[in-house]
Structures are given as structure tokens and as C-alpha cells.
Amino acid sequence: MSEEYSVEIVNPEKSFLSKNDVTEVVVPAFEGEIGILKDHISIISFLKPGIIKIFSKSGNERFYVNDGIIEFKDNNLSILTSLILNLKDIDKEKISDIQKSAEKELSKSDINDQEKYLLDQKLEVLKSIN
Amino acid sequence: MASLDDLKKRISSVKSTQKITKAMKMVAAAKLRRAQESAEKGRPYSDKMNNIILNLSNGISDIENAPKLLSGTGEDKVHLCVVMTSDRGLCGGFNTNIIKKAKQYFQKVLDEGKTLKIITVGTKGYDQLKRLYGDNIIERISFKDSKNVNYFDADKVGKIVIEKFEKKEFDVCAIFYNQFKNVITQIPQEQQIIPLKTSEKEENSSEDNYEFEPEEDEILSNLLPKNISTQIFKAMLENSASEQGSRMSAMDNATRNAGEMVDKLTIEYNRSRQAAITKELIEIISGAESL
């Protein structure tokens, strides 16, 4: 029995990635990382800034996402996100750009707790990449 | 009858106009291909988003406490209309069609004694609406500087809309744009985005028991603002494809008309040249005869 299912990552501009031989995907869900294997129960959740890890027969990949929603149903995983970067070909400059803008956001006084939490997360993840 | 010189000048001027329209047509055709591609690529995102929201709103337990963006404020007094048009002209009936559609809606809203607020996206829409509805326009946005339609522009518009909604400045929000069908046909669309109209509320017989993490309500209240930006983005993509398509066919027509005009003028030019020659001949002959 195969242990594979399909994943599709879309951002507003295009379909970013589509694979049908993945064995496991780990996503940074809002309340903690979730690892999704085949025949997982249907789930909808949203993401916080973090790393998506995709394990597949053809190799493992890692992506940075800013936010997003995931839907898993009938062994199809859809990830919708507004900003996604492949960690393989990401450059340091881009990361520090995002980092700087996040720090700037964070220094503003009128942000609420949830925004602060998300930004803290973002910075943490970005630091870990660098 | 115009003199030969005048005719010559007119022919050459029409010819150079034709060159311009031809060039514009070709530019539009190239841009259209790209715009169409990105419109098609953008569809999965908004479709998926719609799907998820549909699933979520079907699963929501009590409507009373549903997020306001979904259920509305419960009132229907102030309408906000986001009218999306192009920043450039010379694209046939593109802008006029949107405006026409929007004006019908405006009239309906005003006839019912409700308050109307307008946000225009794109300068052409503002130009056409300012005379009649100048007082109703509360915001004008233009993305003249951004080369391509991008999500962040759409997000900006979406944030403005949501901010105004949270300040309770309106109850119902609709967007107007042209849906791209093919190069010749663009259909002006009116789409209500707040409160969200779940257009196809088919009773999903398949018992989709989703697991939600966190709670449905929380996901929904996070998702709905994103959905608004997504819908606006979709509208912008459709709009830009429509604009290029419309411009292409308008310029194609213009080129053809210019060609016809050149033909007509050339015939007239040849006729009057011939007439002048004949006249001269007659003069010479009758001069010779009188000798």
C-alpha cells in the first residue's frame, strides 16, 4: 500500500507547487506544528509564520511561509498562502528585509497581542534560518 | 472640393494614426496574453478560498455569533461600492460598461433612500463618476505606478474596506469589475463581498466532518478579511485581462477604420488629380483649336 498523497501550494499569483508523491508534510499551524500523513482526518487550520517541511520520494523540501490556510481532505492537502519562499534558493538579503520590516512593525505601539505574537514568531523563525 | 495638397496631408495623417493604433493593438495583445495567464493562474487560489469558507460557514454552529463580515451588521442602510476601472483610456467600452452597471446600482440604492459611498479604483472611473456622484466618493485609489497587478495592491484596498467596516461606516459592500470572457466579450460584474453571499448553498450531502484547529469561529474571523482581499485581487486580475482585451479589439477596429478611410481618401485624391489633368487637357486643346 502506498503511503503517498498529493499536496498543492497556491499563492494569489499562481499555483506555486504541486506534488503527488509526498509521504509527510509538517506545517506550522497556529497552535503548534502539525505533521500530516496519509489518511489524516479532514482538517482546516491556519498557519503562523514558519517552515513547511515536505517529505517526498523525490526529495525533501523546506519553505518559509508568512501566513496561510491549510485544508486537508480526501488525501489532498491544499495550502493557501500569500508569501512563500523556497529555502533552497532564498538569499540572505531577502530574509533580512523581511526581518527588518517585522522589527519595525513590532516597535509600533498600537499593535495588539495577537499581532505581537505573530511577529515574535516570525522573527524567531527568520533568525533560525539565518 | 479639397485641394490635392490637402488630401495628401490628410492621407498621410490618417496613415500615421493607423500606425499608432496598430502598435497599440500589438502591445495590448502581448499584454493580454500575460494578463490572461495570470488571471487563470490566480483562479485556483480564490476558488479554494471560496471552498474553504463555504465548508466553514456550513459547519458553523450558531449564526447569531458568526463574524459580522459573514452575516452582516443586520442592517441595510449604507452601501459601499468599490468601482474598479482602468488607469488608461483608449480601451473601447471597457470603463463605460462598468460605470453603466455601477450607476444602475447607485440609482437603486439612492431610490431606496439609502446612503451611498463610493471608492474608485483606477483614475478613469473617478473621472467618469465625479460629476454625478462627486459627493459620494469617499476614497480614490490608483495603482498607476505598479506595473503588474499584484496581491499587495489588492490587500491595500481590502484593508481599507475592512477598516471602514470595523468603524461601522457601511453595512453592505459590493465591487464592480469586468469579468474576462474572451477578447470580444467582457461582462460587467457586480459582486457583493460584505456580507458574504454564499452563492451556492448546496446542502453538501457528503458529511464533511472537518477537524478545526483552532475553533471554527476563530478561523473564520481570520479568513474572512483575507477572503475580501482575495476577491478584490481576483477582480483586479479579471479587470486587467478585460482591459487589454477590450483595448485590443478597440484598436483593431480603429486600425481597420483608418484603412478604410485611407482607401476612400486615395480614391478621392486620384479622382481629383484625374479631373485636374482632364481640365488642363481641355484647356490646351481648346486653346490649340482657336488658333
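This is a predicted model: local features need pLDDT of at least 70, side-chain atom pairs count only at pLDDT 80 or more; totals for chains, interfaces and linings use all residues.
Residues are numbered from 1 along each chain as its sequence is written, and chains are lettered from A and ligands numbered from 1 in the order in which they are written.

View 1. The peptide bond that joins B:Ile194 and B:Pro195 is cis, with omega at about -15 degrees. In chain A, A:Asp39 has a positive phi of about 65 degrees although it is not a glycine, and A:Asp39 is found in the loop between β3 (32-36) and β4 of that chain. Here and below, helices (H or I, at least four residues) and strands (E, at least two) are DSSP runs, numbered from the N terminus.

**View 2. The open sheet of chain B.** Five strands of chain B form an open sheet in the order β3-β2-β1-β4-β5, with mixed pairing; two strands count as paired if DSSP finds at least two bridges between them. The edge strands, each pairing on one side only, are β3 (137-141) and β5 (186-194) of chain B, and the twist averages 20 degrees from one strand to the next. Strand β1 (residues 78-84) of chain B runs parallel to strand β4 (residues 172-180) of chain B, and five bridges join them, with B:Val82 standing opposite B:Ile175 in β4(B). In general, the side chains of a regular strand alternate between the two faces of the sheet.

**View 3. Helices on the sheet of chain B.** Helix α4(B) lies across β1, β2 (115-121) and β3 of chain B, and runs at about 155 degrees to β2(B); axes are lines fitted to C-alpha atoms, for helices over the stretch in contact, and angles run from 0 to 180 degrees between N-to-C directions. Helix α6(B) packs on the sheet and touches β1, β4 and β5 of chain B, its direction making about 35 degrees with that of β4(B). Residues are in contact if their C-beta atoms, placed from the backbone, lie within 7 Å.

**View 4. The crossing of α3 and α4 in chain B.** The axes of helix α3 (residues 94-111) and helix α4 (residues 123-133) of chain B come within 10 Å and cross at roughly 35 degrees. The contact is made on the α3(B) side by B:Asn95, B:Ile98, B:Ile99 and B:Phe106, and on the α4(B) side by B:Lys124, B:Gly125, B:Gln128, B:Leu129 and B:Tyr133. By class, this contact has five nonpolar, three polar and one charged residues, where Ala, Val, Leu, Ile, Met, Phe, Trp, Tyr, Cys and Pro count as nonpolar, Asp, Glu, Lys and Arg as charged, and the others, Gly among them, as polar.

**View 5. The side of chain B that touches chain A.** In the contact between the chains, 22 residues of chain B meet 20 residues of chain A. The elements that give two or more residues to the chain B side are α1 (4-59), β6 (211-213) and α6 (216-290) of chain B, and α1(B) gives the most, with nine residues. By class, the chain B side has twelve nonpolar, five polar and five charged residues. Strand β4 (residues 43-47) of chain A pairs with β6(B) in the parallel sense over three bridges, and the bridge partner of A:Ile43 in β6(B) is B:Glu211.

**View 6. Strand β1 of chain A and its partners.** Strand β1 (residues 5-10) and strand β2 (residues 15-29) of chain A pair in the antiparallel sense over five bridges, and a hairpin joins β1(A) to β2(A) through four residues. The bridge partner of A:Val7 in β2(A) is A:Lys19. Five bridges also join β1(A) to strand β8 (residues 76-80) of chain A, the two running parallel, and A:Glu8 has A:Ser78 as its bridge partner in β8(A).

Key:
Two residues are in contact if their C-beta atoms, placed from the backbone, lie within 7 Å.
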